[in-house]
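Student: I have a model open and would like to learn how to read it. Please take me through it one feature at a time.

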Amino acid sequence: MTRTVNIAILASGRGSNFKALVDAVRNKEIHGEIAVLITDNPHAGAIEYANAANIPVETIDFKEFTNREDADKKIKYLLDSYGIDLVALAGYMRILRAKELFDAYRYRIINIHPSLLPAFKGSTHAQKDAFEYGCKISGLTIHFVTDDVDGGPIIYQQAVDISGCESAEDTAERILREEHNAYKKVIDSFSKGRYLIEGKKAVYVRG
Ligand code: GRF
C-alpha cells in the first residue's frame, strides 16, 4: 500500500536539498506533496525554488516572539493547519524546543546531518570538521528529531569516501550529492511503511 505523504520542509539557507525534494516529488520519486516551506530566513534560497514550484512559503520572524518556544508553537500551528504528516528539516538552522511541537509530531520530524552520527554531533560545519580531522570516510545521517540535538533515532546512514577531497568545500560538495539522493528515498519510505522506535533504534515496517 502506498500513501500520499503531506510534507512540510523547514529550511534556512541555500535550499539545495529543498530543490532536490521538489524535483523528486515532480518526478514521482516521492509519493507525496510538499504542502509548505517554513523558513526563519526571508532571504533563504529555498524560497525562490518554492515560488517557482507554487509551494506556499511561511516565514517565521523570530524577532516577533519573546521566546523560542513560542516561535515553535507557531510552527506547530502552521503544521496543523496544513494537515502535515511528515516534517523534513533541510538545512534548518534553529533548534526545535517546544514540547507541544514534539508531542504533536513525535517521530514525524526528520533531519539530515552531513556526518556519520554520532561523529560531529551538533556541529553546523560537520563536513569541515571531518576534512580537518583527516577523516577518510564521512557521510550522512537521516534521523528523527528529538530534544537531543542530532541524537534522535537513526533512520538511515551512508558512508562517503572523502579521502581524495582537497578542501572542506570539496568534502561538503561530495556529501551533498549523496544527501540529495538519500533524503528523497527516506522521505518516500514514509509512503510505504512506518518506523517503530525500539529503544534507540528505528525499525522500518512496510505497509
Ligand atoms: C546540508 O548539508 C544539510 O545536511 C545540513 O545543512 C545543509 C543544507 O544545505 N543540515 P542546503 O540548504 O539544502 O543546500
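Student: Where does the ligand sit?

Tutor: First, some ground rules. This is a predicted model, in which local features need pLDDT of at least 70 and side-chain atom pairs count only at pLDDT 80 or more, while totals for chains, interfaces and linings use all residues. Residues are numbered from 1 along each chain as its sequence is written, and side-chain values use heavy atoms, with hydrogens and water left out. A pocket is an open set of points on a 1 Å grid over the protein atoms alone, where a 1.4 Å probe fits and protein lies on both sides within 12 Å along at least five of seven lines. A molecule sits in a pocket if more than half of its atoms lie within 2 Å of the pocket's grid points. Here the ligand sits in the largest pocket.

Student: Which residues surround the ligand?

Tutor: A residue is near a molecule if one of its heavy atoms lies within 4 Å of it. The ligand has R14, G15, S16, N17, G91, I112, P114, Q127 and E179 around it. For classes, Ala, Val, Leu, Ile, Met, Phe, Trp, Tyr, Cys and Pro count as nonpolar, Asp, Glu, Lys and Arg as charged, and the others, Gly among them, as polar. The shell then has two nonpolar, five polar and two charged residues.

Student: Which polar atoms lie by the ligand's oxygen atoms?

Tutor: A polar contact is a pair of N or O atoms within 3.5 Å; within protein, one must be able to donate a hydrogen and the other to accept it, and residues adjacent in sequence count only if both atoms are side-chain atoms. G15 has a backbone N or O atom 2.8 Å from a ligand oxygen. From S16, a polar side-chain atom is 2.5 Å from an oxygen of the ligand. For N17, a polar backbone atom lies 2.8 Å from a ligand oxygen. The ligand taken alone exposes 370 Å², and the protein buries 86% of that; such areas come from the Shrake-Rupley method with a 1.4 Å probe, and for residues only the protein chains shown count as cover.

Student: Is S189 buried or exposed?

Tutor: Buried means under 20% relative accessible area, exposed over 50%, and partly exposed in between (1.4 Å probe, protein chains only). S189 is at 12%, so this residue counts as buried. Its place is helix 6; helices (H or I, at least four residues) and strands (E, at least two) are DSSP runs, numbered from the N terminus. The S189 side chain reaches the backbone oxygen of V186 at 2.5 Å, and makes a polar contact with the side chain of Y195 at 2.7 Å.

Student: Why does K136 count as exposed?

Tutor: K136 counts as exposed because its relative accessible area is 58%. K136 is in the loop between helix 5 (126–133) and strand 6 (137–144).

Student: What is the phi of D150?

Tutor: The phi of D150 is near 60°, a positive value in a residue other than glycine. D150 lies in the loop between strand 6 and strand 7 and, at 12% relative accessibility, is buried.

Technical notes:
1 Å grid on protein atoms, 1.4 Å probe; cavity = no way out; pocket = protein on both sides within 12 Å on 5 of 7 lines; lining within 4 Å.
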